[in-house]
Amino acid sequence: MTPFADEIARCRSAQVAWSQLPIRDRLRPVREFRYLLVEQRDDLTAAVEADVRRRPDEVMATDIVPVAACAKFLQKRAAAILAPRKVGRPPLWLIRCRDVVHRRPRGVVGLIGTWNYPIFLNAVPILHALVAGNGILWKPSEQAPRTAAVLHTLFLRAGFPADLLQKLPATREAGPQLIEADLDFLHFTGSETVGRKLAARLGERLIPSTLELSGCDAMFVLADADPAKAARLAWYGSTLNNGQTCLGVRRVYAEKGVYGPLNLALHRLVKESRPVSLVMASEAKHLEQIAKEADEAGCDVVPDDHPPLAADEVPPTVIFNPQARPNLAANRDSLFAPLLTVTPFETREEALALHAESLFRLTASILSANAAAAQELAEKLPVGSVVINDTIAPTAHPETPFGGQRASGWGVTQGAEGLLEMTVPQTVTVRKGTFRPHAQDRGGQGDIARGVLRLTHARRWRDRWRGLWQMVRGMRRG
């Protein structure tokens, strides 16, 4: 039997009714949900803290505030984004055709959520899918069941129908089962390793998807940047949520003139830091292996020693790579732990070559006093988002799309593009009159086609006039 067959049947029935509602009716629960975020903020932060040990203040800033902004964006813009779009004047051979492009919901969307930002990374795609007219089967992370329960309750209290948004068991087994269900679309946030397996199976079943996968993101510090500010931003980017951030800063490429002062500033930050706990103890082992490899390659690993720690604890670590040694795991691997690798470069071409060592292409940041130079470098970076003179925070802007390339996945969330991702375009064409040259019962089609081609695309005007008469002859023959 197909997994979750009963849930799918109820969701599909609810989705049909939901999709037929005017967009203003689908947006009413969004407004109520936004109000509930304010009123139930303490319950949400407490649930996240109980699940994944994140500080309430950090959860408020990185999860709840961006989700509220997303809801407000949808209230203001969704109707216009999803509105039918009239297509302009048709070509001559489609004369008297009128085309309108509609955005239709995908149907039943499967959503496999993650735990590191358990409100933001789940609520945003849920809101976009529901506003677009879809139903959802949501499989929360097994690491954040309390947060999922509180969040689901808020969605239902806001007015979204229970059959339309169904929360599946927050178990590891439910994810593979959901992939085999009768879905129309899947949204997955998680590791590149799991994403590859999902993509293979979804491809076999011809089910489209959005995959938000891992990162190993880079920061470029140009010579005119302030080294102290650059160190603070790099440190923030690598240690946010104890390093458990897919778009966290992992690689710093510093131009030769700023490399030394930047290193001094980072040494001070490492010295002032304390060990942190990770949700996944396996990531602590991964960090240890990466640091050991870098040390054996001749890099300077800070700290080089520390007192014995628990299995899930790690010290925030910086690897200085002054010889720009290539192919370090620290510059290639995805990691959910607080790690920075700092490498100098002399030319922008060298910096781009260093960046290309990793196949993860999620985001990047550039620090420079010269905005034009930074934008020129940004144009050459094959990543989903580039932030100039900041890092991470601006990517949560609700009106901008977010998504990666290569090993960081495909598809987008957020913004108009993220909303449209939860729909499929459908073109409806109405043709008036009786002229159908392609459906003539007698000869003339060839003359009409050749005449249209010459009339509308020939280089010289006299050839265009000849095309007109050839088209007329064909119409008379038909």
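Author: Two strands count as paired if DSSP finds at least two bridges between them. The model here is predicted.

Reader: What makes strand 1 and strand 2 a pair?

Author: Two bridges join strand 1 (residues 85-86) to strand 2 (residues 97-105). The cut-off is at least two bridges, so they pair. The two strands run antiparallel. Arg85 has Val101 in strand 2 as its bridge partner.

Reader: Which residues make up strand 20, and how many bridges does it share with strand 2?

Author: Strand 20 covers residues 423-431, and nine bridges link it to strand 2. The sense is antiparallel. Arg103 stands opposite Pro425 in strand 20.

Reader: How do you know that strand 8 pairs with strand 16?

Author: Strand 8 (residues 217-221) and strand 16 (residues 363-367) share four bridges. At least two are needed, so the pair stands. The sense here is parallel. Val221 has Leu367 in strand 16 as its bridge partner.

Reader: In what order do the strands of the open sheet run?

Author: Seven strands follow the order 11-13-14-9-8-16-17, with mixed pairing.

Reader: Why are strand 11 and strand 17 called edges?

Author: Strand 11 (300-302) and strand 17 (385-388) each have a single partner strand, so one side of each is left without a neighbour in the sheet. From one strand to the next, the twist averages 20°.

Reader: Which helix lies across strand 11, strand 13 and strand 14?

Author: Helix 11 (residues 281-296) does. Helix 11 runs at about 25° to strand 13 (317-320).

Reader: At what angle do the axes of helix 2 and helix 4 cross?

Author: The axes of helix 2 (residues 23-39) and helix 4 (residues 56-82) cross at roughly 165°. They come within 9 Å.

Reader: Why is helix 2 called roughly antiparallel to helix 4?

Author: Angles over 145 degrees count as roughly antiparallel. The crossing is at roughly 165°, so helix 2 is roughly antiparallel to helix 4. The crossing is left-handed. Residues of helix 2 that meet helix 4 include Leu27, Val30 and Phe33. On the helix 4 side, Val67, Ala71 and Leu74 are among them.

Reader: Where does the name "Aldehyde dehydrogenase" come from, and which residues does it cover?

Author: It is a UniProt domain annotation from an unreviewed entry, covering residues 8-428. That stretch is 43% helix and 20% strand.

Reader: How far apart are the C-alpha centres of domain 2 and domain 3?

Author: They lie 64 Å apart. The domain assignment gives domain 2 as 217-358 + 363-395 and domain 3 as 440-477.

Methods
Residues numbered from 1 in each chain as written. Predicted model: local features only at pLDDT ≥ 70, side-chain atom pairs only at ≥ 80, totals over all residues. Heavy atoms only, no water. Domains from an automatic or database assignment. Axes fitted to C-alpha atoms, helices over the stretch in contact; angles between N-to-C directions. Contact = heavy atoms within 4.5 Å. UniProt positions renumbered as here; feature names shortened; annotations may be inferred. Parallel < 35°, antiparallel > 145°, perpendicular 65-115°, else oblique. Left-handed = near helix turned anticlockwise from the far one by under 90°.
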